[in-house]
Amino acid sequence: MRLKKRPPDFVLFLTVLMLLTIGLIMVFSSSEYVTMVRYGDSFYFFKRQLLWALFGLAAMFFMMNFDYYRLKRWIGPIVLTGFILLIAVLLPGVGQVVNGARRWINLGFMAFSPAELVKLCMIMFVAFGLSKKGERLNSFTEGLLPYLVVMTLAAGLILLQPDLGTAIVLCGTIFIMFFAAGARLSHLGGLAGLGLLAVGLAIYFEPYRMKRFLAFLDPEADPQGTGYHIIQSLYALGSGGLFGVGLGQSKQKFLYLPENHTDFIFAITGEELGFIGASLIVLLFIIFVWRGLKIAVTSPDPFGSLLAAGITSGIALQALINMGVVTGSMPVTGVPLPFISYGGTSLLFTLMGIGIVLNISKYTTPR
């Protein structure tokens, strides 16, 4: 039985707005030079990110006022649409190839990434299914296997793009949801082992991933090749010191650090705002996780609880991987930093997910 609606979680709402504001500032600061060189407009990426942020906020407010219980009737069609788009993006003439990856569908006025939609769809699908399992979660075949099959299919299609980072985020999020639902630890241990083996094989049998992994182990072995990203990222972070070189004063953004407004924007942030600025972002993500999991724990029903846990853990896992790559703690993989990195589709569906969590917070127990 759900309680009477309360105001949405203000701390979570404010934290997201702060992260979004920092992201808009850093997108402009990190991209002003490259966009001036390429497009003759230093605001080129900033204007597009601002437009997507406004769309995302509109979607967030809509979902915040759309009863999450009503999502149940739409889960099937939404998941089916997501899979159709995942297949469509792989077709020549439909999927747009950028840097050797076929991850976007060009709609003319925008480039759409189906994987971002599928991540949110899968969280809703698994939350809905697991919330009805009850004691059957103790059975691997009846409890987890159906969702593992669907998850594996989605991750496999994403790998074909190829996009190992997003596939890892998707599988990691579903794994956390299994844990939150109360799956047996013996089953989770076996799945974790199989997951690590699958990642290892995906790296080993793909030459460019193997080169990135070796570069992670020893970036200096190929400083102008596979180790270049990591070395330049560490240069940026090291140059920032405690207080940073000043907003807009980055040296690495002058075409030294690739993808400085997307996957490596955290490095530019560390360079310009220093250890204090980078730590502020980390602190905001910690607050985000705290509030999101608090909403999950105090949700009045299993569906809302698993939905909040899945959305929160998915965003947190993506942030952790991005920061790990930027700091040289993980091999390079193309995962953007939520709320901060440039990317319209990612920002739109991330804010949409936040709207769902805020909607769930209206029904939580006041404790």
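Residues are numbered from 1 along each chain as its sequence is written, and side-chain values use heavy atoms, with hydrogens and water left out. Since the model is predicted, local features need pLDDT of at least 70 and side-chain atom pairs count only at pLDDT 80 or more, while totals for chains, interfaces and linings use all residues.

Let's start with the rings. A search of the whole structure turns up 20 aromatic pairs. Rings of Phe, Tyr and Trp (its six-membered ring) pair if their centres lie within 6.5 Å; planes under 30 degrees apart count as stacked, over 60 as edge-to-face and the rest as tilted. F28 and F46 have ring centres 5.9 Å apart and planes at 70°, so this pair is edge-to-face. The pair ties together distant parts of the chain, with F28 in helix α1 (residues 10-39) and F46 in helix α2 (residues 44-64), 18 residues apart. Helices (H or I, at least four residues) and strands (E, at least two) are DSSP runs, numbered from the N terminus. F28 is partly exposed, at 23% relative accessible area, and F46 is partly exposed too, at 21%; buried means under 20%, exposed over 50%, and partly exposed in between (1.4 Å probe, protein chains only).

The rings of Y39 and Y44 sit with centres 3.8 Å apart and planes at 10°, so that pair is stacked. Y39 is partly exposed at 40%, and Y44 is partly exposed at 21%. Elsewhere, ring pairs join Y68, Y69, F128, F303 and Y363 into a cluster.

Charges turn up over rings as well (NZ of Lys or CZ of Arg within 6 Å of the ring centre and within 35 degrees of the ring normal). The charged end of K72 sits over the ring of Y69, 4.0 Å from its centre, and R291 lies over the face of W290, 4.6 Å from the ring centre.

Next comes the sheet. Its three strands are ordered β1-β2-β3, the pairing is antiparallel and the sheet is open; two strands pair if DSSP finds at least two bridges between them. β1 (95-98) and β3 (111-112) stand at the edges with a single partner strand each, so one side of each has no neighbour in the sheet. Strand β2 (residues 101-106) runs antiparallel to β3, and two bridges join them. Across from F112 in β3 stands I105.
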